[in-house]
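User: I am new to this structure. Could you walk me through a few of its residues?

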Amino acid sequence: LDVVPGWLTVGGHLSYNKHDNVVFNSGRTVLDLDRWSTSGDLVFRVKGWGLEAGALVGHGRVLEDADADGRKDYVYGGVAGYLRWDLQPMLTRLTRGRFPKHHHIALSARYEWFYEESNEIGLKTHEYNTTFGLSYLYGEHIKVQFNAMLRRIDEPTPIVAELDDDAYILSCQFAL
């Protein structure tokens, strides 16, 4: 929903699913499906400067009790925020209109926090992701992008060791 067209966009969703006696795994297992989820997001743009900031939030519960222990099977949620800056408008101003309009260089950063808890045991796993990006677009045909994704997982039990799962990704895309 464009609250202020071109400047502010807001969105959201609410979902509830309930199905009793769902056949799973070729008919050998029957489950009850009882879950809900909700989310919201907001994007703010600064016209003429190429700046965009956004935030997202979501939460959900899987209320079924597949193992019949009287506890909800799964709860999850998270938030994310990002900032993206397309430098083309600023470079056009600095060069007094001589910077080519079909070249776009963008800087971006994103932070995500996610949690999950299984079986209402009181131990939540938290995941934190920070991504920094640099991209170059030539018109609508060429895109080169580099992302540095830094991840951390706080596992409440010492059984699962923290993995070194940071990622550095360079991608090139071409369109005909």
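Analyst: Gladly. This is a predicted model. One place to begin is Asp86, which is buried yet has no salt bridge.

User: Which side chain of opposite charge is nearest to Asp86, and how far away is it?
Analyst: A salt bridge needs the charged atoms within 4 Å. Asp86 is buried and has no such bridge. The nearest side chain of opposite charge is Arg84, at 4.8 Å.

User: With which side chain does the side chain of Asp86 make a polar contact?
Analyst: Asp86 sits in strand β5, residues 74-86. A polar atom of its side chain lies 3.0 Å from the backbone nitrogen of Gln88. Leaving aside neighbours within four places in sequence, Asp86 is in contact with residues including Trp49 and Ile105. The side chain that makes the polar contact, at 2.7 Å, is that of His104.

User: Which side chain of opposite charge is nearest to Glu117?
Analyst: Glu117 is in strand β6, residues 103-118. Glu117 is buried and has no salt bridge. Beyond its neighbours within four places in sequence, its contacts include Asp73, Tyr74 and Lys124. At 4.5 Å, the nearest side chain of opposite charge is Lys124.

How values were computed. Residues are numbered from 1 along each chain as its sequence is written. This is a predicted model: local features need pLDDT of at least 70, side-chain atom pairs count only at pLDDT 80 or more; totals for chains, interfaces and linings use all residues. Side-chain values use heavy atoms; hydrogens and water are left out. Helices (H or I, at least four residues) and strands (E, at least two) are DSSP runs, numbered from the N terminus. Buried means under 20% relative accessible area, exposed over 50%, partly exposed in between (1.4 Å probe, protein chains only). Lys and Arg count as positive and Asp and Glu as negative; His and the chain ends are not counted. A polar contact is a pair of N or O atoms within 3.5 Å; within protein, one must be able to donate a hydrogen and the other to accept it, and residues adjacent in sequence count only if both atoms are side-chain atoms. Contact means heavy atoms within 4.5 Å.
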